[in-house]
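Q: I've got a model to go through with you. Can we take it piece by piece?

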Amino acid sequence: MTEPDFTLSAGPTMAPPRVLAAQAAPITYHYDPAFLDAFRRTERKVAELFRTSQDILLMQGEAVLGLEAAARSLVRPGMPVLNLVSGVFGKGMGYWLAAFGAELHGLEVPYNESVDPADVDRFLEQHPGIELVTVVHSETPSGTLNPVAEIGPIAKKHGALTLVDCVSSLGGIPIWPDEWQLDVCVAGPQKCLAGPPGMSLMSVSDAAWEKIRANPSAPRASFLSMLDWKEQWLEAGKFPFTPSVVDLHGVEAACDVILDEGLEASFERHERAAAACRAGARAMEVELWPANDGIAAACVTALAVPDGLTDVQVRDHCRERYGVMISAGQGAGNLVRIGHMGPTARSLYPVLGLAAVGRTLADLGAPVKIGDGLEATLAALSQIDRVSAPAS
């Protein structure tokens, strides 16, 4: 099977030429001074993206590894934990927490909504023993966003740490660990950063390190050990194991693309692309999955699949007939998603994605107004100044 003409997925997404070129650099010894400098530089650049003074860990493995490492490192048997669930990844975190021995508490909302901070405050007031709150910032399978900026200070007020899955947020949606009082944040480079999907980009507070050091269940001498990275690399300058040289170069280049553009410009560009796509979907008379625009994530537009069709049908037809790869809902519901991440949050990509989905739905027998939808998307894009993002 040939590659798609366009990858407008919810990640991994298309990478800019600068990232692809960086990954073609020579593979060097991981203790070569040039690579050590590159690793330290990349840590500093990730810290800039988070705007944090916290420690940065670049753990080797796709961001699910970082999430599991953080949960295992923080949770001890019997520890009271509040897991906030608004979608597939929040639900999955709960399975991990229970397996690691947590005394699991949950607040769950429908997968097209977001968690209400007032409910979190109320729950923590009623359960003063909670030590950790876990939450997904951008619940990508649902295309929704949780108000982590409000949840972080609430957790801190009640003496709880926070573990935040911001895998799809970093670089495209604001996520500020210091300002929002977040303790562990785990991001992925393959989403809005448009980099390679082989690393976990993590910020870790001093309070989190204190909790991890006091946890006898925290992994040691393990691929999942945050403590090994802290003590061997951050404090002693020796890697726990051989890092991926290729991925590191790609991640640094992805950071450079966003930092050269400017974080605010990147946030605005992602939001504009998503807003235009949502406007087009409404005009096309395709139902948006999020309950309202206020909780819609800027990195992806989630569309409800019309009755009588399945998400897999729509995704497969879109790719096979029109060469456009989109994403299904990963179990969040009968929905498909058009990604606005990195390069795909630019130019006419929202029009391209919506055109492919609209024509697919029509081919499969759904009543859609393709022309109205594309006109509305173009109109939305024409009413704003063009945002220039580096293509290199």
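A: Helices (H or I, at least four residues) and strands (E, at least two) are DSSP runs, numbered from the N terminus. This is a predicted model: local features need pLDDT of at least 70, side-chain atom pairs count only at pLDDT 80 or more, and totals for chains, interfaces and linings use all residues. Residues are numbered from 1 along each chain as its sequence is written, and side-chain values use heavy atoms, leaving out hydrogens and water.

Q: How many helices and strands are in the protein chain?
A: The protein chain has 13 helices and 14 strands.

Q: How compact is the protein chain for its length?
A: Its radius of gyration is 21 Å, close to the 21 Å that the globule rule gives for 392 residues, so the protein chain is as compact as a globular protein of that length. The radius is taken over C-alpha atoms, and the rule is 2.2 Å times the number of residues to the power 0.38. Along the principal axes, the C-alpha trace spans about 60 × 55 × 40 Å.

Q: What share of the residues is buried?
A: Of the 392 residues, 58% count as buried. Buried means under 20% relative accessible area, exposed over 50%, and partly exposed in between (1.4 Å probe, protein chains only).

Q: And what share of the contacts is between residues 24 or more positions apart?
A: Those pairs make up 72% of the contacts with a separation of 6 or more. A contact means heavy atoms within 4.5 Å.

Q: Back to serine 347. Where is the place of that residue?
A: Serine 347 sits in the loop between strand 14 (335-339) and helix 12. Its phi is positive, about 55 degrees, although serine 347 is not a glycine. With a relative accessible area of 47%, serine 347 is partly exposed.

Q: What about alanine 194: buried or exposed?
A: Alanine 194 counts as buried, at 1% relative accessibility. Its phi is also positive, about 55 degrees, and alanine 194 is not a glycine. The loop that holds alanine 194 runs between strand 9 (184-187) and strand 10 (199-204).

Q: Which residues does the cis peptide bond join?
A: Glycine 11 and proline 12, with omega about 0 degrees. Proline 12 is in the loop between strand 1 (6-7) and helix 1 (17-22).

Q: Helix packing next. At what angle do helix 12 and helix 13 pack?
A: About 170 degrees, with the axes of helix 12 (residues 349-363) and helix 13 (residues 370-382) 10 Å apart. That makes helix 12 roughly antiparallel to helix 13. Axes are lines fitted to C-alpha atoms, for helices over the stretch in contact, and angles run from 0 to 180 degrees between N-to-C directions. Under 35 degrees counts as roughly parallel, over 145 as roughly antiparallel, 65 to 115 as roughly perpendicular and the rest as oblique.

Q: Which residues make the contact?
A: On helix 12, they include Pro350, Val351, Leu354 and Arg359. On helix 13, among them are Ile370, Leu374, Leu378 and Leu381. The residues of the contact of helix 12 with helix 13 divide into nine nonpolar, three polar and one charged. Here Ala, Val, Leu, Ile, Met, Phe, Trp, Tyr, Cys and Pro count as nonpolar, Asp, Glu, Lys and Arg as charged, and the others, Gly among them, as polar.

Q: And helix 5 with helix 6: at what angle do their axes cross?
A: Roughly 10 degrees, and the axes of helix 5 (residues 117-126) and helix 6 (residues 148-157) come within 10 Å. That makes helix 5 roughly parallel to helix 6. Pro117, Val120, Asp121 and Leu124 in helix 5 meet Glu150, Ile151, Ile154, Ala155 and Lys157 in helix 6. That contact has six nonpolar, no polar and three charged residues.

Q: Last one: what does lysine 91 touch?
A: Val85, Glu108 and Tyr111, not counting residues up to four places away in sequence. Lysine 91 lies in helix 4 (residues 88-99). At 30% relative accessibility, lysine 91 counts as partly exposed.
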